[in-house]
Amino acid sequence: MPRQLHLSAALDSPGRFDAGHYAYLARLAERATLDFVTLDDSFAAAPSRPDALAALARIAPLTGRVGLVPTVTTTHTEPFHTSISVNTLDWASEGRAGWLVGVSTTEAEARAFGRRPVAPEDELWAEAADAVEVAARLWDSWEDDAEIRDTATGRFVDRDKLHYIDFEGPHFSVRGPSITPRPPQGRPVVVVPVTAADLAPDASPGGRARVAAAIRHADVVLLDAPDRATRLTAATELRLRAGEGPRILARLDTALSALPDRAADERLLAELTAPGTGVDGFHLSPADPARDLAALADRITPALRAAGLLRAEYTGRTLRDHLGLARPASRYAARPADATAPTATPAASPAASPALAEVTR
């Protein structure tokens, strides 16, 4: 049996702000049984597109299987807040959330916040790597069975199953624990973009730092390469550095006709099924999302299923299920009870106890 492809798609639609549009696109992707969809975001692009995380949280109840992966920028933000936001998306989607890690590189974005000057890209990606590490530790800071919710005794959590993360680094100091229970997936899927140039011997400092972040944290790498030969070289180099853990999806521009176009369909199918590309699948960037995702669902994915290269239906519920990634255990679960752990909190929403976390820069 041939190995099945992992496929995802971007929903980016500049100028569109209505949730119904993005829900429609996500349902098309779901009909095509794609692993996940992404929605781009940046502080520089705010006037032309919706807040990606908020938009995908809004459409989470309107979809049932497809993964939802917003771009969330680590620059000018606090990792504690990012971890809570992505965790919330995972709960809203019942375990289908991911996080496409982004950084802010422009002077205009720095001026908009006024907190710090623009920094070199390598420094921003080093900071992003630390932000993902903090988020992962915060997601782990509640063990899976930490919630008690015992109204008779007024106990909400088992204090021995909440853990301070005590992270100290050059960019952040975060004590923790989180103020929300552990996400359904344990840790939402972390996605990091990498270009072929980042993996070259003469890569820029920013490119090298981006690769380092991907090797350290990525569950999925979105690889941008200009052609098949470069894609194979870059994917091989990434495997040598990162091992077999992360799924590597190659970015691929997509333009399909609303009506059947045999030549165009066959070109895309040939690209998707070409042997020896070194990747696990493809991340599609539609030229016209509504048109191209409909064509993908109606014509391209049925052909892939007929060839045994794509699932006929979803067999799992979570994004980790779709990607074949195990649910990680909390790194703190095997440790002895910490005598300095927080005391049990009254039965109430965990968000009502902000004193559980201490965050400084």
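This is a predicted model: local features need pLDDT of at least 70, side-chain atom pairs count only at pLDDT 80 or more; totals for chains, interfaces and linings use all residues.
Residues are numbered from 1 along each chain as its sequence is written, and side-chain values use heavy atoms, with hydrogens and water left out.

I will start with the pockets. A pocket here is an open set of points on a 1 Å grid over the protein atoms alone, where a 1.4 Å probe fits and protein lies on both sides within 12 Å along at least five of seven lines, and lining residues have an atom within 4 Å of a point. Grid points are joined across faces, edges and corners, and the volume is the space filled by probe spheres set on them.

The largest pocket has a volume of about 450 Å³, and of the 31 residues that line it, Asp40, Asp41, Thr71, Leu100 and Arg251 are the closest to its centre. The elements that give two or more residues to this lining are the strands S2 (36-39), S3 (67-73), S4 (98-102), S9 (189-195), S10 (220-224) and S12 (281-286), where strands (E, at least two residues) and helices (H or I, at least four) are DSSP runs numbered from the N terminus. By class, the lining holds 13 nonpolar, 11 polar and 7 charged residues, with Ala, Val, Leu, Ile, Met, Phe, Trp, Tyr, Cys and Pro counted as nonpolar, Asp, Glu, Lys and Arg as charged, and the others, Gly among them, as polar.

The second largest pocket holds about 280 Å³ of space, and the closest to its centre, of 16 lining residues, are Asp41, Phe43, Asp51, Val72 and Thr73. Here helix H2 (52-59), S3 and helix H3 (79-92) each give two or more residues to the lining, which divides into 6 nonpolar, 7 polar and 3 charged.

Now to the helix pairs. H3 packs against helix H5 (residues 121-140) at an angle of about 55°, with the axes 9 Å apart; axes are lines fitted to C-alpha atoms over the stretch in contact, and angles run from 0 to 180 degrees between N-to-C directions. H3 is therefore oblique to H5, given that angles under 35 degrees count as roughly parallel, over 145 as roughly antiparallel, 65 to 115 as roughly perpendicular and the rest as oblique. In their contact (heavy atoms within 4.5 Å), Pro79, Phe80, Ser83, Val86 and Asn87 of H3 meet Ala131, Val134, Ala135, Leu138 and Trp139 of H5, and these residues divide into 8 nonpolar, 2 polar and no charged.

For helix H8 (residues 262-273) and helix H9 (residues 289-306), the angle is about 45° and the axes lie 11 Å apart, so H8 and H9 are oblique to each other. Asp265, Leu268, Leu269, Leu272 and Thr273 in H8 meet Leu296, Arg299, Ile300, Ala303 and Leu304 in H9, a contact with 7 nonpolar, 1 polar and 2 charged residues.

Finally, the backbone. The peptide bond from Gly176 to Pro177 is cis, with omega near -5°, and Pro177 sits in the loop between strand S8 (173-174) and S9. Glu94, in the loop between H3 and S4, has a positive phi near 60°.
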